[in-house]
Amino acid sequence: MLADNILELLKEEISSLEYDRYIKQLKFNEKASNSDQMIFVAPNILIANWVKTKYAEKLAHLFELKTGKKPEIKIVLKEHLKSTKTKSSSTEILESIKSTKNTILNPSYTFNSFVVGSSNQYAYTAAKSVAEKPGVMYNPVFIYGPTGLGKTHLIHAIGNYAQSKGKIVIYATIEQFMNDFTYNLRNQSMERFREKYRSCDVLLIDDTQFLSNKIQTQEEFFHTFNELHSAGKQIVLTSDKPPKMINGLEDRLKSRFEWGLIADVGLPELETKIAIIKKKCELDGINLNSDIVNYIASNMGDNIREIESAIINLNAYALLMRQDITLEFAKNVMREQIKERKENISLEDIIQIIAKDLNIKPSEIKSTKRSKNIVEARRIGIYLARTLTPNSMPSLASYFGMKDHTAVSHNIKKINELIETNESFKLKVEDLKNKILTKEK
(Lines give C-alpha, C1' and ligand atoms only; values in the text may rest on other atoms or scores of the structure.)
Protein backbone atom coordinates (compact mmCIF):
# COMPACT_ATOMS: atom_id res chain seq x y z
CA MET A 1 0.00 0.00 0.00
CA LEU A 2 1.22 3.50 -0.88
CA ALA A 3 0.74 4.89 2.62
CA ASP A 4 2.78 2.05 4.17
CA ASN A 5 5.60 2.77 1.73
CA ILE A 6 5.51 6.45 2.67
CA LEU A 7 5.74 5.67 6.37
CA GLU A 8 8.67 3.34 5.70
CA LEU A 9 10.44 6.19 3.87
CA LEU A 10 9.82 8.48 6.84
CA LYS A 11 11.20 5.81 9.17
CA GLU A 12 14.56 6.11 7.42
CA GLU A 13 14.73 9.84 8.15
CA ILE A 14 13.83 10.00 11.84
CA SER A 15 14.97 8.26 15.02
CA SER A 16 13.57 4.81 15.74
CA LEU A 17 12.40 6.11 19.12
CA GLU A 18 10.20 8.83 17.57
CA TYR A 19 8.97 6.45 14.87
CA ASP A 20 7.88 3.84 17.41
CA ARG A 21 6.42 6.44 19.80
CA TYR A 22 4.40 8.43 17.25
CA ILE A 23 4.40 7.37 13.58
CA LYS A 24 3.89 3.66 14.29
CA GLN A 25 0.68 4.53 16.13
CA LEU A 26 -0.97 5.95 12.99
CA LYS A 27 -3.49 4.05 10.88
CA PHE A 28 -4.14 5.09 7.27
CA ASN A 29 -7.82 5.58 6.40
CA GLU A 30 -8.00 4.63 2.75
CA LYS A 31 -11.77 5.12 2.41
CA ALA A 32 -11.69 8.72 3.61
CA SER A 33 -8.57 9.64 1.64
CA ASN A 34 -8.21 10.88 -1.91
CA SER A 35 -5.48 12.37 -4.09
CA ASP A 36 -5.95 15.79 -2.46
CA GLN A 37 -6.14 14.71 1.16
CA MET A 38 -4.55 11.81 3.02
CA ILE A 39 -6.26 10.85 6.29
CA PHE A 40 -4.41 9.15 9.13
CA VAL A 41 -6.03 8.06 12.41
CA ALA A 42 -4.20 8.70 15.69
CA PRO A 43 -5.06 6.98 19.00
CA ASN A 44 -5.09 10.21 21.00
CA ILE A 45 -4.86 13.97 20.63
CA LEU A 46 -1.28 14.13 21.94
CA ILE A 47 0.05 11.97 19.12
CA ALA A 48 -2.23 13.72 16.62
CA ASN A 49 -0.84 17.14 17.54
CA TRP A 50 2.76 15.96 17.58
CA VAL A 51 2.57 14.29 14.16
CA LYS A 52 0.69 17.24 12.68
CA THR A 53 3.30 19.69 13.95
CA LYS A 54 6.48 17.78 13.18
CA TYR A 55 5.72 15.43 10.31
CA ALA A 56 2.68 16.54 8.28
CA GLU A 57 4.73 18.61 5.86
CA LYS A 58 7.33 15.86 5.51
CA LEU A 59 4.66 13.25 4.81
CA ALA A 60 3.09 15.50 2.16
CA HIS A 61 6.49 15.91 0.51
CA LEU A 62 7.08 12.13 0.45
CA PHE A 63 3.65 11.58 -1.13
CA GLU A 64 4.55 14.17 -3.75
CA LEU A 65 7.81 12.36 -4.56
CA LYS A 66 5.90 9.12 -5.09
CA THR A 67 2.78 10.38 -6.89
CA GLY A 68 3.73 13.76 -8.35
CA LYS A 69 0.96 15.46 -6.36
CA LYS A 70 1.26 17.01 -2.92
CA PRO A 71 -1.78 16.18 -0.76
CA GLU A 72 -2.92 17.78 2.47
CA ILE A 73 -2.17 15.58 5.47
CA LYS A 74 -4.98 15.25 8.00
CA ILE A 75 -4.69 13.55 11.38
CA VAL A 76 -8.02 12.30 12.77
CA LEU A 77 -8.79 11.01 16.24
CA LYS A 78 -10.44 7.61 16.66
CA GLU A 79 -13.50 9.13 18.31
CA HIS A 80 -14.13 11.31 15.26
CA LEU A 81 -14.52 8.21 13.15
CA LYS A 82 -16.64 6.42 15.74
CA SER A 83 -18.98 9.38 16.10
CA THR A 84 -19.75 9.54 12.38
CA LYS A 85 -21.99 7.13 10.50
CA THR A 86 -20.52 3.95 9.08
CA LYS A 87 -20.70 5.36 5.54
CA SER A 88 -19.37 8.80 6.41
CA SER A 89 -17.84 10.69 3.51
CA SER A 90 -14.35 12.15 3.75
CA THR A 91 -16.00 15.59 3.80
CA GLU A 92 -17.90 14.75 6.99
CA ILE A 93 -14.74 13.46 8.63
CA LEU A 94 -12.81 16.57 7.66
CA GLU A 95 -15.56 18.76 9.06
CA SER A 96 -15.33 16.91 12.37
CA ILE A 97 -11.59 17.64 12.42
CA LYS A 98 -12.09 21.33 11.69
CA SER A 99 -14.66 21.65 14.45
CA THR A 100 -12.20 20.35 17.03
CA LYS A 101 -10.09 22.94 18.79
CA ASN A 102 -6.63 21.72 19.63
CA THR A 103 -3.23 23.17 20.31
CA ILE A 104 0.41 22.27 19.85
CA LEU A 105 1.74 20.55 22.96
CA ASN A 106 4.78 18.36 23.41
CA PRO A 107 3.37 14.92 24.28
CA SER A 108 6.55 13.91 26.10
CA TYR A 109 6.00 16.70 28.65
CA THR A 110 3.75 14.96 31.17
CA PHE A 111 3.51 14.85 34.95
CA ASN A 112 4.89 11.31 34.89
CA SER A 113 8.05 12.40 33.06
CA PHE A 114 8.63 15.42 35.36
CA VAL A 115 11.17 14.82 38.11
CA VAL A 116 10.04 16.32 41.41
CA GLY A 117 12.50 17.70 43.98
CA SER A 118 12.39 20.20 46.81
CA SER A 119 13.17 23.03 44.35
CA ASN A 120 10.04 22.43 42.24
CA GLN A 121 7.63 20.43 44.39
CA TYR A 122 5.31 23.34 45.16
CA ALA A 123 5.03 24.32 41.48
CA TYR A 124 4.47 20.67 40.49
CA THR A 125 1.71 20.20 43.09
CA ALA A 126 0.00 23.42 42.01
CA ALA A 127 0.20 22.44 38.34
CA LYS A 128 -1.25 18.98 39.00
CA SER A 129 -4.09 20.43 41.09
CA VAL A 130 -5.26 22.83 38.36
CA ALA A 131 -4.89 20.18 35.66
CA GLU A 132 -7.23 17.89 37.59
CA LYS A 133 -9.70 20.66 38.47
CA PRO A 134 -9.28 23.51 35.97
CA GLY A 135 -10.88 26.78 36.99
CA VAL A 136 -11.71 25.45 40.46
CA MET A 137 -8.62 25.27 42.66
CA TYR A 138 -6.46 28.31 41.83
CA ASN A 139 -6.93 30.83 39.05
CA PRO A 140 -4.64 32.03 37.65
CA VAL A 141 -1.56 29.98 38.41
CA PHE A 142 1.67 31.88 37.83
CA ILE A 143 4.85 29.75 37.64
CA TYR A 144 8.17 31.58 37.59
CA GLY A 145 11.88 30.79 37.71
CA PRO A 146 15.11 31.00 35.70
CA THR A 147 15.39 29.63 32.17
CA GLY A 148 15.64 25.90 31.61
CA LEU A 149 14.35 24.61 34.96
CA GLY A 150 11.06 23.00 33.86
CA LYS A 151 8.40 25.72 33.68
CA THR A 152 7.52 24.84 30.07
CA HIS A 153 7.44 21.14 30.96
CA LEU A 154 4.89 21.82 33.70
CA ILE A 155 2.66 24.03 31.57
CA HIS A 156 2.63 21.42 28.77
CA ALA A 157 1.87 18.71 31.33
CA ILE A 158 -1.18 20.69 32.45
CA GLY A 159 -2.30 21.00 28.83
CA ASN A 160 -1.71 17.34 28.00
CA TYR A 161 -3.63 16.17 31.06
CA ALA A 162 -6.53 18.57 30.42
CA GLN A 163 -6.75 17.52 26.75
CA SER A 164 -6.81 13.86 27.74
CA LYS A 165 -9.93 14.69 29.77
CA GLY A 166 -11.62 16.32 26.79
CA LYS A 167 -10.88 19.94 27.70
CA ILE A 168 -10.25 22.58 25.03
CA VAL A 169 -6.68 23.82 25.57
CA ILE A 170 -4.85 26.71 23.97
CA TYR A 171 -1.09 26.95 24.50
CA ALA A 172 1.00 29.83 23.18
CA THR A 173 4.13 31.73 24.03
CA ILE A 174 3.50 35.41 24.61
CA GLU A 175 5.35 36.03 21.34
CA GLN A 176 2.84 33.83 19.48
CA PHE A 177 -0.01 35.66 21.21
CA MET A 178 1.45 39.00 20.09
CA ASN A 179 1.99 37.77 16.53
CA ASP A 180 -1.59 36.47 16.35
CA PHE A 181 -2.87 39.75 17.71
CA THR A 182 -0.86 41.86 15.23
CA TYR A 183 -1.85 39.67 12.27
CA ASN A 184 -5.58 39.73 13.04
CA LEU A 185 -5.53 43.42 13.84
CA ARG A 186 -3.89 44.18 10.52
CA ASN A 187 -6.34 41.95 8.65
CA GLN A 188 -9.39 43.23 10.51
CA SER A 189 -10.17 39.75 11.81
CA MET A 190 -10.09 40.33 15.57
CA GLU A 191 -13.26 38.27 16.08
CA ARG A 192 -11.33 35.22 14.89
CA PHE A 193 -8.50 36.06 17.32
CA ARG A 194 -10.90 36.45 20.23
CA GLU A 195 -12.73 33.26 19.31
CA LYS A 196 -9.44 31.35 19.49
CA TYR A 197 -8.21 32.67 22.82
CA ARG A 198 -11.48 33.20 24.68
CA SER A 199 -13.47 30.04 23.95
CA CYS A 200 -11.10 27.52 25.53
CA ASP A 201 -11.30 25.72 28.86
CA VAL A 202 -7.62 26.18 29.66
CA LEU A 203 -5.33 28.98 28.43
CA LEU A 204 -1.59 28.37 28.83
CA ILE A 205 0.76 31.30 28.18
CA ASP A 206 4.55 30.88 28.28
CA ASP A 207 7.17 33.63 28.78
CA THR A 208 4.79 36.27 30.13
CA GLN A 209 7.72 38.59 30.91
CA PHE A 210 7.83 39.54 27.21
CA LEU A 211 4.55 41.44 27.66
CA SER A 212 6.77 44.14 29.13
CA ASN A 213 6.15 47.55 27.46
CA LYS A 214 3.81 46.04 24.82
CA ILE A 215 0.96 48.43 25.61
CA GLN A 216 -1.52 47.39 22.88
CA THR A 217 -0.97 43.69 23.49
CA GLN A 218 -1.33 44.19 27.24
CA GLU A 219 -4.69 45.85 26.64
CA GLU A 220 -5.94 42.87 24.60
CA PHE A 221 -4.49 40.35 27.05
CA PHE A 222 -6.19 42.17 29.93
CA HIS A 223 -9.62 41.72 28.30
CA THR A 224 -8.85 38.10 27.36
CA PHE A 225 -7.86 37.39 30.96
CA ASN A 226 -11.03 39.00 32.34
CA GLU A 227 -13.29 37.14 29.91
CA LEU A 228 -11.81 33.74 30.76
CA HIS A 229 -11.54 34.34 34.49
CA SER A 230 -15.14 35.52 34.83
CA ALA A 231 -16.26 32.41 32.92
CA GLY A 232 -14.37 30.14 35.34
CA LYS A 233 -11.83 29.04 32.74
CA GLN A 234 -8.32 28.12 33.87
CA ILE A 235 -5.38 30.44 33.13
CA VAL A 236 -1.77 29.35 33.64
CA LEU A 237 1.18 31.68 33.04
CA THR A 238 4.95 31.27 33.19
CA SER A 239 7.68 33.86 33.49
CA ASP A 240 11.32 34.17 34.48
CA LYS A 241 10.30 36.42 37.38
CA PRO A 242 7.19 37.03 39.55
CA PRO A 243 4.59 39.60 38.43
CA LYS A 244 5.77 42.38 40.73
CA MET A 245 9.27 42.22 39.23
CA ILE A 246 8.22 42.47 35.56
CA ASN A 247 9.08 46.02 34.58
CA GLY A 248 6.85 47.67 31.98
CA LEU A 249 3.80 45.60 32.98
CA GLU A 250 0.60 47.50 33.81
CA ASP A 251 -0.38 47.44 37.49
CA ARG A 252 -3.83 46.07 36.67
CA LEU A 253 -2.22 43.05 34.98
CA LYS A 254 0.26 42.54 37.83
CA SER A 255 -2.70 42.60 40.20
CA ARG A 256 -4.64 40.00 38.21
CA PHE A 257 -1.61 37.73 37.86
CA GLU A 258 -1.39 37.71 41.66
CA TRP A 259 -5.07 36.82 42.17
CA GLY A 260 -4.47 33.10 42.28
CA LEU A 261 -1.40 31.09 43.17
CA ILE A 262 2.23 32.05 42.53
CA ALA A 263 4.79 29.22 42.53
CA ASP A 264 8.50 29.34 41.84
CA VAL A 265 10.71 26.72 40.23
CA GLY A 266 14.07 27.04 41.94
CA LEU A 267 17.55 25.85 41.06
CA PRO A 268 17.65 22.06 41.38
CA GLU A 269 19.76 20.48 44.10
CA LEU A 270 22.28 17.81 43.09
CA GLU A 271 19.94 14.91 43.91
CA THR A 272 17.22 16.32 41.66
CA LYS A 273 19.67 16.83 38.79
CA ILE A 274 20.81 13.22 39.15
CA ALA A 275 17.19 12.02 39.09
CA ILE A 276 16.46 14.16 36.00
CA ILE A 277 19.45 12.70 34.15
CA LYS A 278 18.38 9.16 35.02
CA LYS A 279 14.82 9.86 33.84
CA LYS A 280 16.08 11.34 30.56
CA CYS A 281 18.27 8.28 29.97
CA GLU A 282 15.37 5.95 30.75
CA LEU A 283 13.02 7.73 28.32
CA ASP A 284 15.58 7.89 25.51
CA GLY A 285 17.13 4.46 26.03
CA ILE A 286 20.58 5.83 26.92
CA ASN A 287 22.80 3.76 29.21
CA LEU A 288 24.94 5.81 31.62
CA ASN A 289 26.44 4.42 34.81
CA SER A 290 26.21 6.27 38.12
CA ASP A 291 29.72 7.75 37.88
CA ILE A 292 28.87 9.41 34.55
CA VAL A 293 25.49 10.61 35.83
CA ASN A 294 27.12 12.16 38.89
CA TYR A 295 29.83 13.80 36.75
CA ILE A 296 27.26 15.45 34.46
CA ALA A 297 25.10 16.57 37.40
CA SER A 298 28.09 18.11 39.20
CA ASN A 299 29.61 19.90 36.22
CA MET A 300 26.83 21.01 33.86
CA GLY A 301 25.25 23.75 35.97
CA ASP A 302 21.55 24.06 36.81
CA ASN A 303 19.92 24.55 33.40
CA ILE A 304 17.97 21.32 32.83
CA ARG A 305 17.59 22.03 29.13
CA GLU A 306 21.38 22.28 28.75
CA ILE A 307 21.89 19.09 30.78
CA GLU A 308 19.47 17.14 28.57
CA SER A 309 21.13 18.55 25.44
CA ALA A 310 24.53 17.44 26.75
CA ILE A 311 23.22 13.89 27.29
CA ILE A 312 21.79 13.72 23.76
CA ASN A 313 25.06 15.04 22.34
CA LEU A 314 27.11 12.53 24.35
CA ASN A 315 24.98 9.61 23.17
CA ALA A 316 25.06 10.77 19.53
CA TYR A 317 28.86 11.07 19.64
CA ALA A 318 29.17 7.57 21.11
CA LEU A 319 26.94 6.13 18.36
CA LEU A 320 28.90 7.88 15.62
CA MET A 321 32.23 6.76 17.07
CA ARG A 322 30.83 3.28 17.83
CA GLN A 323 32.15 3.43 21.38
CA ASP A 324 30.71 2.61 24.78
CA ILE A 325 30.13 5.57 27.04
CA THR A 326 32.68 5.36 29.84
CA LEU A 327 33.46 8.10 32.37
CA GLU A 328 36.68 8.93 30.54
CA PHE A 329 34.83 9.09 27.22
CA ALA A 330 32.18 11.38 28.75
CA LYS A 331 34.84 13.70 30.20
CA ASN A 332 36.59 13.97 26.83
CA VAL A 333 33.39 14.67 24.91
CA MET A 334 32.07 17.21 27.42
CA ARG A 335 35.39 18.80 28.38
CA GLU A 336 35.13 21.77 26.04
CA GLN A 337 31.46 22.29 26.77
CA ILE A 338 32.05 22.43 30.52
CA LYS A 339 35.19 24.54 30.15
CA GLU A 340 33.47 26.96 27.75
CA ARG A 341 30.47 27.32 30.04
CA LYS A 342 32.61 28.74 32.84
CA GLU A 343 35.28 30.52 30.83
CA ASN A 344 32.65 32.48 28.90
CA ILE A 345 31.78 34.31 32.10
CA SER A 346 34.32 36.84 33.32
CA LEU A 347 34.56 38.41 36.75
CA GLU A 348 34.02 41.79 35.09
CA ASP A 349 30.75 40.54 33.59
CA ILE A 350 29.56 39.57 37.06
CA ILE A 351 30.56 42.88 38.67
CA GLN A 352 29.06 45.00 35.87
CA ILE A 353 25.70 43.22 35.94
CA ILE A 354 25.42 43.28 39.74
CA ALA A 355 26.41 46.96 39.89
CA LYS A 356 23.87 47.94 37.24
CA ASP A 357 21.07 45.92 38.82
CA LEU A 358 21.72 47.14 42.38
CA ASN A 359 22.45 50.71 41.29
CA ILE A 360 25.97 51.03 42.71
CA LYS A 361 29.36 51.61 41.12
CA PRO A 362 31.44 48.57 40.04
CA SER A 363 34.45 50.02 41.87
CA GLU A 364 32.46 50.02 45.14
CA ILE A 365 31.92 46.26 44.97
CA LYS A 366 35.71 45.76 44.97
CA SER A 367 36.31 48.43 47.60
CA THR A 368 36.57 48.08 51.37
CA LYS A 369 33.43 50.15 52.05
CA ARG A 370 31.17 48.64 54.70
CA SER A 371 27.76 50.16 54.00
CA LYS A 372 25.01 47.53 54.01
CA ASN A 373 24.08 47.67 50.30
CA ILE A 374 27.75 47.50 49.18
CA VAL A 375 28.56 44.59 51.51
CA GLU A 376 25.54 42.72 50.16
CA ALA A 377 26.54 43.41 46.54
CA ARG A 378 30.13 42.30 47.27
CA ARG A 379 28.96 39.06 48.86
CA ILE A 380 26.66 38.30 45.94
CA GLY A 381 29.56 39.01 43.58
CA ILE A 382 31.84 36.61 45.45
CA TYR A 383 29.14 33.93 45.60
CA LEU A 384 28.30 34.13 41.88
CA ALA A 385 31.98 34.35 40.90
CA ARG A 386 32.66 31.14 42.81
CA THR A 387 29.54 29.45 41.37
CA LEU A 388 29.85 30.52 37.73
CA THR A 389 33.60 30.75 37.06
CA PRO A 390 36.58 28.40 37.47
CA ASN A 391 38.38 30.87 39.75
CA SER A 392 39.78 29.50 43.01
CA MET A 393 39.06 31.11 46.37
CA PRO A 394 42.59 32.56 46.68
CA SER A 395 42.27 34.19 43.25
CA LEU A 396 38.86 35.61 44.21
CA ALA A 397 40.34 36.96 47.45
CA SER A 398 42.96 38.76 45.40
CA TYR A 399 40.38 40.12 42.93
CA PHE A 400 38.05 41.46 45.64
CA GLY A 401 40.92 42.87 47.73
CA MET A 402 40.50 40.51 50.68
CA LYS A 403 43.10 39.15 53.08
CA ASP A 404 42.92 35.49 52.07
CA HIS A 405 40.62 32.66 50.96
CA THR A 406 39.03 32.34 54.43
CA ALA A 407 37.37 35.75 53.93
CA VAL A 408 35.89 34.49 50.65
CA SER A 409 34.66 31.34 52.37
CA HIS A 410 33.06 33.42 55.14
CA ASN A 411 31.16 35.57 52.63
CA ILE A 412 29.92 32.55 50.68
CA LYS A 413 28.69 30.99 53.94
CA LYS A 414 26.75 34.18 54.77
CA ILE A 415 25.12 34.22 51.32
CA ASN A 416 24.09 30.56 51.60
CA GLU A 417 22.47 31.28 54.98
CA LEU A 418 20.49 34.17 53.49
CA ILE A 419 19.40 32.12 50.48
CA GLU A 420 18.06 29.40 52.78
CA THR A 421 16.16 31.79 55.07
CA ASN A 422 15.17 34.77 52.92
CA GLU A 423 12.96 34.04 49.89
CA SER A 424 13.17 37.54 48.38
CA PHE A 425 16.96 37.53 48.68
CA LYS A 426 17.12 34.08 47.09
CA LEU A 427 15.01 35.42 44.21
CA LYS A 428 17.31 38.41 43.79
CA VAL A 429 20.41 36.17 43.57
CA GLU A 430 18.71 33.78 41.11
CA ASP A 431 17.63 36.70 38.95
CA LEU A 432 21.19 38.08 38.85
CA LYS A 433 22.55 34.63 38.06
CA ASN A 434 20.12 34.26 35.19
CA LYS A 435 21.10 37.66 33.79
CA ILE A 436 24.78 36.71 33.90
CA LEU A 437 24.18 33.34 32.25
CA THR A 438 22.05 34.81 29.47
CA LYS A 439 24.27 37.83 28.81
CA GLU A 440 25.08 38.13 25.09
CA LYS A 441 28.75 37.97 24.23
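**A friendly note on this predicted model**

1. Let's begin with asparagine 106, which counts as buried because its relative accessibility is 15%, under the 20% cut-off. Please keep in mind throughout that this is a predicted model. Asparagine 106 sits in the loop that joins helix 6 (90–98) to helix 7 (121–132). Not counting residues up to four places away in sequence, asparagine 106 touches Trp50, His156 and Asn160.

2. Next, have a look at the annotated binding site. In an unreviewed entry, UniProt lists Gly148, Gly150, Lys151 and Thr152 under "binding site". From this set, Gly148, Gly150 and Thr152 belong to the lining of the largest pocket.

3. Glycine 148, from that UniProt list, is found in the loop between strand 4 (141–144) and helix 8 (151–164). Its relative accessibility is 3%, so glycine 148 counts as buried. With neighbours within four places in sequence left aside, the contacts of glycine 148 are Asp302, Asn303, Ile304 and Arg305.

4. Lysine 151, also on the UniProt list, is placed in helix 8. Is lysine 151 buried or exposed? Lysine 151 is buried, because its relative accessible area is 9%. Setting aside neighbours within four places in sequence, lysine 151 is in contact with Ile143, Tyr144, Gly145 and Pro146, and also with Thr238, Ser239, Asp240 and Val265.

5. The bond runs from asparagine 139 to proline 140, and its omega is near 0°. Proline 140 is part of the loop between helix 7 and strand 4.

6. Glutamine 188 counts as exposed because its relative accessibility is 76%. For asparagine 213, phi is near 65°, and the residue lies in the loop between strand 6 (202–206) and helix 11. Asparagine 213 has a relative accessibility of 57%, so it counts as exposed.

7. Now to helix packing. How do helix 9 and helix 11 cross? Helix 9 (residues 174–186) and helix 11 (residues 215–230) have axes that come within 10 Å and cross at roughly 100°. The two helices are therefore roughly perpendicular to each other. On the helix 9 side, Ile174, Phe177, Met178, Phe181 and Leu185 take part, meeting Gln216, Thr217, Glu220, Phe221 and Thr224 of helix 11. By class, this contact holds 6 nonpolar, 3 polar and 1 charged residues.

8. Another helix pair is helix 19 (residues 372–388) with helix 21 (residues 405–421), whose axes are 9 Å apart and whose packing angle is about 100°. Helix 19 is therefore roughly perpendicular to helix 21. Helix 19 contributes Arg379, Ile380, Ile382, Tyr383 and Arg386 to the contact, while helix 21 brings Val408, His410, Asn411, Ile412, Lys414, Ile415, Asn416 and Ile419. These residues divide into 7 nonpolar, 3 polar and 3 charged.

9. Finally, a word on an annotated domain. UniProt, again in an unreviewed entry, gives residues 346–415 as "domain: Chromosomal replication initiator DnaA C-terminal". In the model, the C-alpha atoms at the ends of this span lie 20 Å apart. Its composition is 73% helix and 0% strand.

How values were computed:
Residues are numbered from 1 along each chain as its sequence is written. This is a predicted model: local features need pLDDT of at least 70, side-chain atom pairs count only at pLDDT 80 or more; totals for chains, interfaces and linings use all residues. Side-chain values use heavy atoms; hydrogens and water are left out. Axes are lines fitted to C-alpha atoms, for helices over the stretch in contact, and angles run from 0 to 180 degrees between N-to-C directions. Helices (H or I, at least four residues) and strands (E, at least two) are DSSP runs, numbered from the N terminus. Angles under 35 degrees count as roughly parallel, over 145 as roughly antiparallel, 65 to 115 as roughly perpendicular and the rest as oblique. Contact means heavy atoms within 4.5 Å. Ala, Val, Leu, Ile, Met, Phe, Trp, Tyr, Cys and Pro count as nonpolar, Asp, Glu, Lys and Arg as charged, and the others, Gly among them, as polar. UniProt positions are given in the numbering used here, feature names are shortened, and annotations may be inferred rather than shown by experiment. Buried means under 20% relative accessible area, exposed over 50%, partly exposed in between (1.4 Å probe, protein chains only). On a 1 Å grid over the protein atoms alone, a cavity is a set of points where a 1.4 Å probe fits but cannot get out, and a pocket is an open set with protein on both sides within 12 Å along at least five of seven lines; lining residues have an atom within 4 Å of a point.
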